[in-house]
Amino acid sequence: MARRSLSMQGRLLAVGVSVAVGSALVGVMAAGDHAADASSTNTPSTNTPSTNTPSGATGDSSGTTATPNDSRGFPTGNSGVPAQPQTRTGGS
Amino acid sequence: MSSHFWWYVARAGGIVAWALVLASCTWGLLHALRAFGRRPSPAWMLSTHRYLSALAIAFVAVHVLAILADDFVQFSLADVLVPMVSAWHPLAVAWGIVGMYVLVAVEVTSLMRARLSPKVWRGVHVLSYVLLALVTVHFLSAGTDAGDLLPTTSLVLIGVATVFGAAMLLTWRTAPKVRTPRVRTP
C-alpha cells in the first residue's frame, strides 16, 4: 500500500540531517577561523593598523585583533592588518 | 564556546535554509511533473514537499535569530526585516529579506489553500522559483561562504536546472492533450 504522508521517522530523519549538516558547517567554520587566527599570529605584520576602531572583533583565543571594523562594527577586512579569513568579512 | 558562535550559526543556518528551499522546490517540481509515477505516491511526495518547506522556514528563523543574537556583525531588528535599511551591503541583504517574505507568503497560502481560489494559490506558489532565485543571489552576494569558484559554478548550474525544470513544467501543463481515439470493433 502506498504511503499517504511522510512518516514520523522520515520527519525526524530530515530534521536530524539538517541539524547535523548545520552543526558540521559550524564546526568547519570555527576550525577554519581558528587555523587562520593561528597562522596570522605567526606572521609578522609590516603594515600599520587601520585607523578604524575594532569593536570587539578579537581573535578567538589569541587575543589579537581579528578585523578592524567600520563605524557600525562590521568587519571591513581592508586594512593593513594581517590577512584574515574571508569568512570574517560579514554577511550572512 | 567560541566568541563567534552565533555568527557561525547564522551562516550555517542560512546555508541549510537555502539547501532546504532548493530541495523543496525540486521536490515540488518532481511532484507536479509526476516524475516518479505512482511510486512513491503523489500524496507522500506532497507531504514531503510541505515538510521540507516548513523546515526551510525553521532554518530561516535560525538564520535571522542568530544574526540578531550575534555581536560580531551588529544587525538590528530593522536591518533584518526592512530591505535596504542595513548599512552593510544593503542590496545583498535585501535579496534575502524579500526572499524571506516570499517564502512566508508561499507557505501561508499553501496552509490556506482550501480557502483560496486555485488561481490565487497557483499565482503565489509559482513565486517559489523567484524565491529560489532571490535566496541564491542573496547567498552569492551577501554570503561569505560562496567565494570559491566551485560553489558559485554549482549555484549557477542549479539555477539553470531550475529554470529548465520550470520551463518543462510550463510546457507540459500548457501542451494540448492528445487522446488516441478508441477503435470500435464491429
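Biologist: Leaving aside neighbours within four places in sequence, which residues is Val9(B) in contact with?

Modeller: Keep in mind that this is a predicted model. Val9(B) is in contact with Val26(A), Val62(B) and Ala66(B), once its neighbours within four places in sequence are set aside. Val9(B) is also among the residues with the most contacts inside the largest nonpolar core, together with Ala17(B), Leu20(B), Val21(B), Ala56(B) and Phe59(B).

Biologist: How many residues does that largest nonpolar core have, and which elements give two or more residues to it?

Modeller: The core has 43 residues. Helix H1 (8–42) of chain A gives two or more, and so do H1 (5–33), H2 (42–69), H4 and H6 of chain B. H1(B) supplies the largest share, 14 residues.

Biologist: What makes Trp18(B) count as buried?

Modeller: Just count C-beta atoms. Trp18(B) has 24 others within 10 Å, and the label needs 20 or more, so Trp18(B) is buried. Trp18(B) sits in helix H1 of chain B.

Biologist: And which residues is Trp18(B) in contact with, beyond four places in sequence?

Modeller: Val135(B) and Phe139(B). There's also a pairing in space with Val60(B): 42 residues away in sequence, but 8.4 Å from Trp18(B), C-alpha to C-alpha.

Biologist: Why is Ala161(B) called partly exposed?

Modeller: Ala161(B) has 13 C-beta neighbours inside 10 Å. Exposed takes 12 or fewer and buried takes 20 or more, so Ala161(B) falls in between and counts as partly exposed. Ala161(B) belongs to helix H7 (residues 149–174) of chain B. Leu81(B) is 80 residues from Ala161(B) in sequence and 30 Å away in space, C-alpha to C-alpha.

Biologist: What makes H4(B) roughly antiparallel to H5(B)?

Modeller: It's the angle again. H4(B) and H5 (residues 118–125) of chain B pack at about 155 degrees, and their axes are 9 Å apart. That angle is set against a cut-off of over 145, so H4(B) is roughly antiparallel to H5(B). This crossing is left-handed. Ala105(B), Val106(B), Thr109(B) and Ser110(B) of H4(B) meet Trp121(B), Val124(B) and His125(B) of H5(B). By class, that contact has four nonpolar, three polar and no charged residues.

Biologist: Stepping back, how many helices and strands does chain B come to?

Modeller: Seven helices and zero strands, so to speak a run of α-α-α-α-α-α-α along the sequence. Of the 186 residues in chain B, 35% count as buried.

Biologist: And what share of the contacts in chain B with a separation of 6 or more comes from residues 24 or more positions apart?

Modeller: Those residues account for 65% of them.

Notes
Residues numbered from 1 in each chain as written. Chains lettered and ligands numbered in written order. Predicted model: local features only at pLDDT ≥ 70, side-chain atom pairs only at ≥ 80, totals over all residues. Axes fitted to C-alpha atoms, helices over the stretch in contact; angles between N-to-C directions. Helix = DSSP H or I, 4+ residues; strand = E, 2+ residues; numbered from the N terminus. Parallel < 35°, antiparallel > 145°, perpendicular 65-115°, else oblique. Left-handed = near helix turned anticlockwise from the far one by under 90°. Contact = placed C-beta atoms within 7 Å. Nonpolar A, V, L, I, M, F, W, Y, C, P; charged D, E, K, R; others polar. Core = buried A, V, L, I, M, F, W, Y, C linked by C-beta atoms within 7 Å.
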